[in-house]
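Open the model in your viewer and keep the sequence panel beside it. The stops below go from the whole chain to single residues.

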Amino acid sequence: YLLDNPDVVRGKSVLDLGSGCGATAIAAKMSGASRILANDIDPLAGMAITLNCELNQLNPFPILIQNILNLEQDKWDLIVLGDMFYDENLADSLHQWLKNCFWTYGTQILIGDPGRPQFSEHSIQHHLHKVVEYSLPEPTRQENNGLTTSTVWDFQP
């Protein structure tokens, strides 16, 4: 979505929450984000992000391997996160933290999700507006128990 719509990130500060391999942070960098922080609690994610920056011939951006939900909130123009509502306690914490970011700083928040039941049934659904839906490639469908699409949501509490 970010590569298809670079104006969403161009010149903005972007937090990629739950970065995993860093694909979204890399897309933000390639689309002209001015400041990026990739965040994941898994140290292997930090290594993967660094390697993926090298593979994409990008200078590495800061990576925080710590639970950012436990830290003082920083101001971001945009927070992006994907497929993080797989656990009820985490989902509730994320929902509250994202609401605080939105109301304190006016942060735009984009959430990607392949339609997992934990997300579809969470109360955050009342605050989401569908931006776009993508069909997942066949190999991804097979690896993800029949999930066929992924949706980008705009969070507006």
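What percentage of the 157 residues in the chain do buried residues make up? The share is 38%, where buried means under 20% relative accessible area, exposed means over 50% and partly exposed lies in between, with a 1.4 Å probe and protein chains only.

Before going on, note that this is a predicted model, in which local features need pLDDT of at least 70, side-chain atom pairs count only at pLDDT 80 or more, and totals for chains, interfaces and linings use all residues. Residues are numbered from 1 along each chain as its sequence is written, and side-chain values use heavy atoms, with hydrogens and water left out.

**The whole chain**

Show the chain as a cartoon and colour it by secondary structure. The chain has five helices and seven strands; helices (H or I, at least four residues) and strands (E, at least two) are DSSP runs, numbered from the N terminus. Traced from the N terminus, the order is β-α-β-α-β-β-α-β-α-β-α-β. The radius of gyration is 15 Å, close to the 15 Å from the globule rule for 157 residues, so the chain is as compact as a globular protein of that length. That radius is taken over C-alpha atoms, and the rule is 2.2 Å times the number of residues to the power 0.38. Along the principal axes, the C-alpha atoms fill a box of roughly 40 × 40 × 30 Å.

Contact here means heavy atoms within 4.5 Å. Of the contacts between residues at least 6 apart in sequence, 63% join residues at least 24 apart.

Switch to a surface view. The accessible surface comes to about 8500 Å², and 50% of it belongs to carbon and sulfur atoms; the areas come from the Shrake-Rupley method with a 1.4 Å probe.

**Helix α1**

Select residues 23-30, which form α1. Ala25, Ile26, Ala27 and Ala28 are buried in this helix. The cover over the buried residues of α1 includes β1 (13-17), β2 and α2.

**Asn39 in strand β2**

Next select Asn39, in strand β2 (residues 35-39). Asn39 counts as buried, at 3% relative accessibility. Which residues is Asn39 in contact with, leaving aside its neighbours within four places in sequence? They are Leu15, Asp16, Leu17, Gly18, Ser19, Leu64, Gln66 and Ile68.

**Two loop residues with positive phi**

Most residues other than glycine have a negative phi. Select Gln57, in the loop between α2 (43-55) and β3 (63-64). Gln57 is not a glycine, yet its phi is positive, about 55 degrees. Gln57 is exposed, with a relative accessible area of 76%.

Move on to Asp83, in the loop between β4 (78-82) and α3 (88-105). Asp83, not a glycine either, has a positive phi of about 55 degrees. At 28% relative accessibility, Asp83 counts as partly exposed.

**An aromatic pair**

Last, show the side chains of Phe102 and Trp103. Rings of Phe, Tyr and Trp (its six-membered ring) pair if their centres lie within 6.5 Å; planes under 30 degrees apart count as stacked, over 60 as edge-to-face and the rest as tilted. The count by this rule is two aromatic pairs. In one of them, the ring centres of Phe102 and Trp103 are 5.0 Å apart and the planes are at 85 degrees, so the pair is edge-to-face. Phe102 is partly exposed at 21% relative accessibility, whereas Trp103 is exposed at 59%.
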